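This report covers how two chains are arranged and how they meet. The structure comes before the text.

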Number of protein chains: 2
Amino acid sequence: MTDFAPLAGTPYVAVIFTSQQADDVAGYGEAAEAMEALAREQPGYVGIESARSAGGFGITVSYWATDADARAWKHVVDHVDVQQRGRSTWYERYAVRVAKIEREYGWERDMRPSHDRSGSTE
Amino acid sequence: MTDFAPLAGTPYVAVIFTSQQADDVAGYGEAAEAMEALAREQPGYVGIESARSAGGFGITVSYWATDADARAWKHVVDHVDVQQRGRSTWYERYAVRVAKIEREYGWERDMRPSHDRSGSTE
């Protein structure tokens, strides 16, 4: 999935998952899609953004309405992982940061003005 | 840059920059490297993580010790942008979210145990 999550109005919660893929990523694509589909069904789901470079370093940010929703999602992920046993196969390393979003703004080429005046400073 | 930022100890601040590149990205690579070099010189700099998929959707997360450091970095970016006029050329759309990191944990293949017991649940 390579699309923007909505600017949902602060405060809400970001779960920043950064990872380095291992060499063997068999089954990873299907599992990632299944996880995103599962996320969309969870209470408080706002959106997911994901990017992965050619070298295998990736960032996925999932957005949640509340911290309780983010915690519940971690519980779901942990449980699914036990069944898929995928995480320790697909990743060399990962880090997770859970953060409360306090400010946000966006810009789009054909849709000025946006929430911010970036590009028109001074 | 495709590397991990340190788990710096909560609380600290994440600036999540998500973007869709435009077709014309001439000069982008050099500018991105220059911006990262500039970031490293700023007060409160913790780290930067960045990934961009083949379709041009990218996520860059910069980490800062305090919210004041993150705000100061935005001021620097705005000022540099005025000179480079790059942002409106290189991007079709972008969004920025500033968030306070409240929890974090990591896992690495050859360095268990880490800050979390992910993968060994149940």
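## Symmetry

By what turn and what shift along the axis can chain A be laid on chain B? A turn of 180 degrees with a shift of 0.0 Å along the axis does so, at an RMSD of 0.0 Å; the superposition is by least squares on the C-alpha atoms of residues with pLDDT of at least 70 in both copies. That is the relation of a two-fold axis.

This is a predicted model, in which local features need pLDDT of at least 70 and side-chain atom pairs count only at pLDDT 80 or more, while totals for chains, interfaces and linings use all residues. Residues are numbered from 1 along each chain as its sequence is written, chains are lettered from A in the order in which they are written, and side-chain values use heavy atoms, with hydrogens and water left out.

## Interface extent

In chain A, 55 residues are in contact with 55 residues of chain B, contact meaning heavy atoms within 4.5 Å. Of the interface residues of chain A, 100% are also interface residues in chain B, so the copies meet through the same surface.

The area buried between chain A and chain B is about 5,200 Å², and carbon and sulfur atoms give 55% of that area. Buried area is the accessible area (1.4 Å probe) that two parts lose on being put together, summed over both. In chain A, the residues that lose the most area to chain B are A:F4, A:R97 and A:R103, together 16% of what that side buries.

A:R93 and B:E108 form a salt bridge through their side chains, at 3.8 Å from N to O.

Over all chains, the structure holds 14 salt bridges. Within chain A, the side chains of A:D78 and A:K74 form a salt bridge at 2.8 Å, N to O. These two residues, A:D78 and A:K74, are 4 residues apart in helix α2 of chain A, which means a separation of about one helical turn.

## Strand pairing

Strand β4 of chain A and strand β4 of chain B (residues 91-108) pair in the antiparallel sense over 15 bridges. Strands are DSSP runs of E of at least two residues, and helices are runs of H or I of at least four, numbered from the N terminus; two strands pair if DSSP finds at least two bridges between them. In this pairing, A:K100 has B:K100 as its bridge partner in β4(B).

Technical notes
Salt bridge = Lys/Arg side-chain N within 4 Å of Asp/Glu carboxyl O.
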